[in-house]
Amino acid sequence: MILTVTMNPSIDTAYPLAGPLKVDDVNRVEPIKTAGGKGLNVSRVLGQLGDDVLVTGLLGGRMGDFIADRLDEAGVAHDFARIAGESRVCIAVLHEGNQTEFLEAGPEVGADELAGFEAKFRELAARADVVTMSGSLPRGVDAGYYAMLTGIAAGAGAKVLLDTSGASLEAALGAKRKPYLVKPNLSELGALLGRELPAGDLGEVRAAVEGDERFRGVEWVVVSMGAAGSVAFSGGRAWRARAPRIECMNATGSGDSTVAGFAHGIAAGAEPAEVLRLGNACGTLNAMDPATGHLPMKRWDDIYGAVEVTEL
């Protein structure tokens, strides 16, 4: 079973505009509403790939009820801890090939609510082979919380895929039990290292990752580099992955879909190149679909076959 964790879920609302965004004026839209949050996007894609997946995290208020109802409608199994605060709403305006986002911070979570979730997580992680943790932490949650959850899951024998940044990533890398996989982008890696890394300079990226003690003990480090593709490091080996060029319809959830592809491959015991190909295919396909965390599976063979993975 793959367990996905979303600590700060949301109702993701996309507003596609037929023309330019009119500032200080009326923009009429047909909204697309999705039960959102990075881990929920991961979960939907895993469901499309045929995995046994369970969603957990925190839900609150009527917005939380809406999210749970949408997951039920989609047939996505979930077991959330309830909180008093209202789950958040996030908006993406899609206009002229651009994406302008408005992201609420989310509710503040109390110590008792966190203790309740921790108890639930211990029970669920004991049943999981792979655990994914994605996205921001809500207010009131310490930056080391993902590191603590990673310790619980890894102690139970699960492989933890952590997709976060900043202080949360730094805390997880400094913990005794580390994630199995981390997925910073180039700017997030640069922020962690305290210096800018040039896109496409694979030698410098490799030296930065392999020379930093904090990555010791992390089985997989995957660094996304935008148009330059991605580079991955595992067991002293390195690979570069390039996805085909496509017409992007909605990039929201593409990173989450990539994590889903990684989780799918790792849970199946796939070889490294296959894990990377699966992740990049899922991320690319998500960008081709107007829905968030959804793959147009009729294009699977074309996109999967066009992903290039080369060992460095």
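This report describes the cores, selected helices and selected residues of a predicted model.

## Basis of the description

Because the model is predicted, local features need pLDDT of at least 70 and side-chain atom pairs count only at pLDDT 80 or more, while totals for chains, interfaces and linings use all residues. Residues are numbered from 1 along each chain as its sequence is written, and side-chain values use heavy atoms, with hydrogens and water left out.

## Nonpolar cores

A nonpolar core is a set of buried Ala, Val, Leu, Ile, Met, Phe, Trp, Tyr and Cys residues joined through side-chain atoms within 4.5 Å. Buried means under 20% relative accessible area, exposed over 50%, and partly exposed in between (1.4 Å probe, protein chains only). The largest such core has 51 residues, of which Met7, Phe117, Phe121, Val131, Met133 and Val223 touch the most other members. Helix 4 (residues 145-155) supplies the largest share of this core, 6 residues. Helices (H or I, at least four residues) and strands (E, at least two) are DSSP runs, numbered from the N terminus. A second, separate core holds 31 residues, including Trp220, Val222, Ile266 and Cys282.

Contact means heavy atoms within 4.5 Å. Not counting residues up to four places away in sequence, Met7 touches Leu58, Leu114, Phe117, Ser136, Leu137, Pro138, Tyr145 and Tyr146.

Gly50, which follows helix 1, has a positive phi near 90 degrees.

Thr132 lies in strand 8 (residues 130-134) and is buried, with a relative accessible area of 0%. Leaving aside neighbours within four places in sequence, the contacts of Thr132 include Val42, Leu161, Val259 and Ala263.

## Helices 8 and 9

The axes of helix 8 (residues 254-267) and helix 9 (residues 272-287) come within 7 Å and cross at roughly 150 degrees. Axes are lines fitted to C-alpha atoms, for helices over the stretch in contact, with angles from 0 to 180 degrees between N-to-C directions. The two helices are therefore roughly antiparallel (over 145 degrees). Residues of helix 8 including Phe262 and Ile266 meet residues of helix 9 including Leu276 and Cys282.

## Loop residues with positive phi

Most residues other than glycine have a negative phi. Asp24 has a positive phi of about 60 degrees; Asp24 is in the loop between strand 2 (10-16) and strand 3 (32-36) and is exposed at 79% relative accessibility. Glu96 has a positive phi of about 50 degrees; the loop between strand 6 (88-95) and strand 7 (98-103) holds Glu96, which is exposed at 56%.

Methods. Parallel < 35°, antiparallel > 145°, perpendicular 65-115°, else oblique.
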